[in-house]
Amino acid sequence: MGCGHQSVNNFNMSTSALSIKNVSHNFGDFKALDKVSLEIRPGDFTVLLGLNGAGKTTLYSLITRLYNNNSGSIEIYGNNVRSESVKALRHIGVVFQQPTLDLDLSVRENLNYHSSLHGISKLDARKKIDKEIARINLNDQLKKKVRSLSGGQRRRVEIARALIHEPKLLLLDEPTVGLDIGSRQLILNHVKTLCKKNKLAVLWATHLIDEIDKGEKVVIIDKGKVLDSGNVEKIVKKTKTKNIREAFNKLVGIKI
Amino acid sequence: MSFTIYLRCFNGIVLREALRFVHQKERFFSALVRPLVWLGIFAAGFRSVLGVSIIPPYETYIPYEVYIAPGLIAMIQLFNGMQSSLSMVYDREMGSMKTMLVSPIPRWFLLISKLLAGVFVSILQVYAFLVIASLWDIIPPISGYITILPALIISGLMLGSLGMFLSSAIKQLENFAGVMNFVIFPMFFASSALYPLWKIEETSEWLYYVCFYNPFTYAVESIRFSLYSQINIEYSIGIVIFTFIFLFLSILGYDPGRGNLQKKGGK
């Protein structure tokens, strides 16, 4: 379940961090998303679980308004992504599936660039960057070119970058793919701690079932449809299985 | 959203482009060597073949090197525009175009900032070229070094937005060879960069019209006239119109509703 118990900043707990209602999306004839609905509250850590090609990245592209949804509505803290995109996008921090750092620029230059995209002043950016980079223990890497960083370090820098403008909703699309077990654990723990401490709403897309902990909220998506959502325990109980892995296999129809 | 926020965003985008340029020294070097090869080898060989009569803005007979200099300046900008559009495709694959597009600042502003950042880099290249070209006795009037600036900005913007439009419209712009064959070469050769339009008209009328309506000709001629502190109304109006058309198309290409971004599945 969520990690938020008290009222969050200026936001009322009744306001959803992310509210998706009946969103469908087609690419030509291909139905990438079919009437997807989901709700995330401030302080929730929600796992979007699905195989590759289930529609996770498409959903992320719609939430971040890389392109518009054909139908349904997406709201971020009450702001419609299409009609109030400026307000909506301000609340989002994103870590995309593909690496997005400039390899030839230093860590600080990358983070400065991001700050300027959000209109943050130089002085302010410096403070915020130092804070975020200290949080992931990469202070000594700030001047280094991203190219010299390991895959795990680059991911952590991307998470730090997504947090510089102090978003209230963090979206991560398969952030641990291609990383070793140690880095994966480090990143997962880091984000879960942020979620608890800062009451950050998190949507974590993955196909790796072992990233789900007890009590967390899961949304299972397959072929563009939400098959089930809710507490891990609730889904396990409902599907009459022993654990979330079995529940997922049963819902998606994977036979082992 | 206040003016300062826009300004910070713009500065950040230009700074990033400038830093990338500084870090990629090969890019600067090749951007400079290319026109110099044309000047040093092609022009030297061609000067005896081609006689250029007196046409405006020139007031005397000029050597062939002097004639093609504006065309080579435009070529620097053409390559730069295509290269930054190519980097935009590469960026998008790398995802950093996405990072830019999810900024809360309106998308048209982000795209224009990115274009102007590219123009800025191309102007640095052009001035470096002009310095070296003076060794070939290509020396415009001193005022020309300043009056060329507006022409460089508008032609850089036109070629950059053409590149940006292509990056949104063409599904696979994976290698530079394709862009060379289908965009850069036809645009460069079917223009007034290497030979005056009246020469072409003598040979083939339809080719003359192709050259005449080629946007690149407008870039070359605007640069040619401004280098001699003159203005040619026809070319100036033409280049502004082309710039608006390409800008409009490129912003449309990246529009989240209509855009070509989603045809590619956002990749």
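These legends go with several close-up views of a predicted model.

**View 1**
Chain A has a mean pLDDT of 89, and 94% of its residues reach 70 or more. The stretch to treat with care is residues 1-12 of chain A, where the pLDDT is below 50. Even so, this stretch has 24 contacts in the model beyond near neighbours in sequence.

**View 1. Where chain A meets chain B.**
Here 31 residues of chain A are in contact with 29 residues of chain B. Which elements of chain A give two or more residues to its side of this meeting place? They are α1 (56-63), α2 (85-90), β6 (92-95) and α3 (107-117). The largest share, 6 residues, comes from α3(A). Sort the residues on chain A's side by class and you get 13 nonpolar, 13 polar and 5 charged.

Helix α1 of chain B covers residues 3-23. The buried residues of α1(B) are B:Arg8, B:Cys9, B:Phe10, B:Gly12, B:Ile13, B:Arg16, B:Glu17 and B:Phe21. What do these buried residues pack against? Their partners are α2 (25-46) and α5 (107-133) of chain B, along with α3 of chain A.

Chain A splits into domain 1, made of residues 1-91 plus 167-256, and domain 2, residues 102-165. Taken over C-alpha atoms, the domain centres are 25 Å apart. Where the domains touch, 11 residues of domain 1 are in contact with 9 residues of domain 2. Helix α6 (residues 181-198) gives the most to domain 1's side, with 5 residues. By class, that side has 7 nonpolar, 3 polar and 1 charged residues.

**View 2. A buried strand in chain A.**
Take a look at strand β3 (residues 45-49) of chain A: 5 of its 5 residues are buried, so the strand is largely enclosed by the rest of the structure. A:Phe45, A:Val47 and A:Leu49 point one way, while A:Thr46 and A:Leu48 point the other way. Which strands does β3(A) pair with? One is β8 (residues 201-206) of chain A, paired in the parallel sense over 5 bridges, with A:Leu49 standing opposite A:Thr206. Another is β9 (residues 217-222) of chain A, also parallel, over 4 bridges, and here A:Leu48 stands opposite A:Val219.

Terms used. Residues are numbered from 1 along each chain as its sequence is written. Chains are lettered from A and ligands numbered from 1 in the order in which they are written. This is a predicted model: local features need pLDDT of at least 70, side-chain atom pairs count only at pLDDT 80 or more; totals for chains, interfaces and linings use all residues. pLDDT is the predictor's confidence in each residue, from 0 to 100. Two residues are in contact if their C-beta atoms, placed from the backbone, lie within 7 Å. Ala, Val, Leu, Ile, Met, Phe, Trp, Tyr, Cys and Pro count as nonpolar, Asp, Glu, Lys and Arg as charged, and the others, Gly among them, as polar. Domain bounds come from an automatic or database domain assignment. The expected span of a helix is 1.5 Å times one less than its number of residues. A residue is buried if 20 or more other C-beta atoms lie within 10 Å of its own, exposed if 12 or fewer, and partly exposed in between; C-beta atoms are placed from the backbone. Two strands pair if DSSP finds at least two bridges between them.
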